[in-house]
Amino acid sequence: MATMFSAWQDVLHRVATATQTAGRKAGSVQLIAVGKTYPAACIRELYECGQRNFGENYVQEFVEKYDELEQPCPEIIWHFIGPVQSNKSRWVAERAGWVHTVDRLKIAERLSIQRPEPMPPLNVCLQVNVSGEASKSGVFPAAVVELACAVRELPRLTLRGLMAIPAPTQDKEELARQFALLCQLRDDLNRQGFALDTLSMGMSADLELAIAAGATQVRVGTALFGVRDYSNKGL
Ligand SMILES: *Cc1c(COP(=O)(O)O)cnc(C)c1O
C-alpha cells in the first residue's frame with residue numbers, strides 16, 4: 001500500500017515536472033491538498049509530511065476540522081473552495097486564509113465585514129464559470145471585470161486572482177480551452193490595472209494541463225488521499 005508520504009511525493013513530482021515542461025519557474029505552482037470527506041487524521045498525517053496548504057468544500061466539515069487541527073497543526077493555511085452560503089460566511093471569514101469561490105458581491109461584502117480585525121485581510125479569488133453551463137456556480141466571463149472592480153474596494157479582502165472548475169470532460173482540448181480562458185481573463189484584468197498573481201485551477205486528473213495553461217495553485221484530493229466516500233460528507 002502506498003503511504004501518504006509517497007502519494008504526496010508523487011503529486012509534488014507531477015507538479016514539478018509539469019512546471020518544468022511548461023518552461024515555468026520551479027516552485028511557481030503551489031499544491032493545495034483537498035481534504036473534503038477525509039478525516040482530520042489524514043490531514044494531520046499529511047501536515048506531518050510537510051504539506052501546509054489545505055482545501056475544504058463544506059463549511060460544517062471545515063469548522064470541525066479547523067477546531068480539531070488548530071492546536072496540533074498551527075501552520076495550516078486553509079483554503080475554502082466550496083460554495084459559501086450567506087448564513088455561514090462568518091464561519092469561513094473567521095478561519096480561512098483564502099476563499100476561492102467568491103462569485104457574487106453580496107458574499108464578498110459579508111466576508112469583508114465579518115473578517116475579524118486582528119486577522120490579515122482574507123485572500124480571495126473570483127470563481128469564474130469558464131464552461132458556460134447554466135447550472136454551474138461562478139461569475140460569467142463577461143461579468144468578471146465588474147465584480148473584480150467592486151471586490152477590490154472591500155477593505156478586509158485582498159483580491160488575489162481567479163479560480164475555475166471546468167466542466168467534467170475527458171476532452172483535453174476542451175479542458176485546455178477553459179483553462180486558457182481563465183488565464184486570459186486574469187491577464188485582461190492585469191492590463192486594466194489589477195495585480196492578480198493567482199490562477200487556481202487543476203485537480204488530480206488534469207493538473208498538468210492546468211499548469212501548462214498557467215495555474216499557480218492546483219487543488220488535489222484523490223491523488224493524495226484516495227477515492228472519496230461521500231457518505232462522510234460533512235463529518
Ligand atoms: C474536490 C475538489 C477538488 C479535488 O478534486 P480531485 O479530483 O479529488 O483532485 C478540487 N477543487 C474543488 C473545487 C473540489 O471540490
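How are α2 and α3 oriented to each other: parallel, antiparallel, perpendicular or oblique? This tour of a predicted model begins with that question.

**First stop: two helices.** Select residues 40-49, which form helix α2, and residues 59-69, which form helix α3. The two helices pack at an angle of about 50 degrees, and their axes are 10 Å apart. The helices α2 and α3 are therefore oblique to each other. Viewed as a crossing, α2 passes α3 in a right-handed manner. Next, display the side chains at the contact: A40, I43 and R44 belong to α2, while K65, E68 and L69 belong to α3. Three of the residues in this contact are nonpolar and three are charged, with no polar residue present.

**Second stop: a pair of strands.** Select strand β8, residues 217-220. Q217 and R219 point one way from this strand, whereas V218 and V220 point the other way. Are these residues buried or exposed? All four of them, Q217, V218, R219 and V220, are buried. To see how the strands line up, select I32, which stands opposite R219 in β8.

Move to strand β5, residues 122-127, and select N123 within it. N123 counts as buried because its relative accessibility is 14%, below the 20% cut-off. Beyond its neighbours within four places in sequence, N123 is in contact with G97, W98, V99, T158 and R160. Finally, select G23 together with N123: these residues are 100 residues apart in sequence, and from C-alpha to C-alpha they are 27 Å apart in space.

Note on methods:
Residues are numbered from 1 along each chain as its sequence is written. This is a predicted model: local features need pLDDT of at least 70, side-chain atom pairs count only at pLDDT 80 or more; totals for chains, interfaces and linings use all residues. Side-chain values use heavy atoms; hydrogens and water are left out. Axes are lines fitted to C-alpha atoms, for helices over the stretch in contact, and angles run from 0 to 180 degrees between N-to-C directions. Helices (H or I, at least four residues) and strands (E, at least two) are DSSP runs, numbered from the N terminus. Angles under 35 degrees count as roughly parallel, over 145 as roughly antiparallel, 65 to 115 as roughly perpendicular and the rest as oblique. A crossing is left-handed if the near helix is turned anticlockwise from the far one by less than a right angle, and right-handed if clockwise. Contact means heavy atoms within 4.5 Å. Ala, Val, Leu, Ile, Met, Phe, Trp, Tyr, Cys and Pro count as nonpolar, Asp, Glu, Lys and Arg as charged, and the others, Gly among them, as polar. Buried means under 20% relative accessible area, exposed over 50%, partly exposed in between (1.4 Å probe, protein chains only). Two strands pair if DSSP finds at least two bridges between them.
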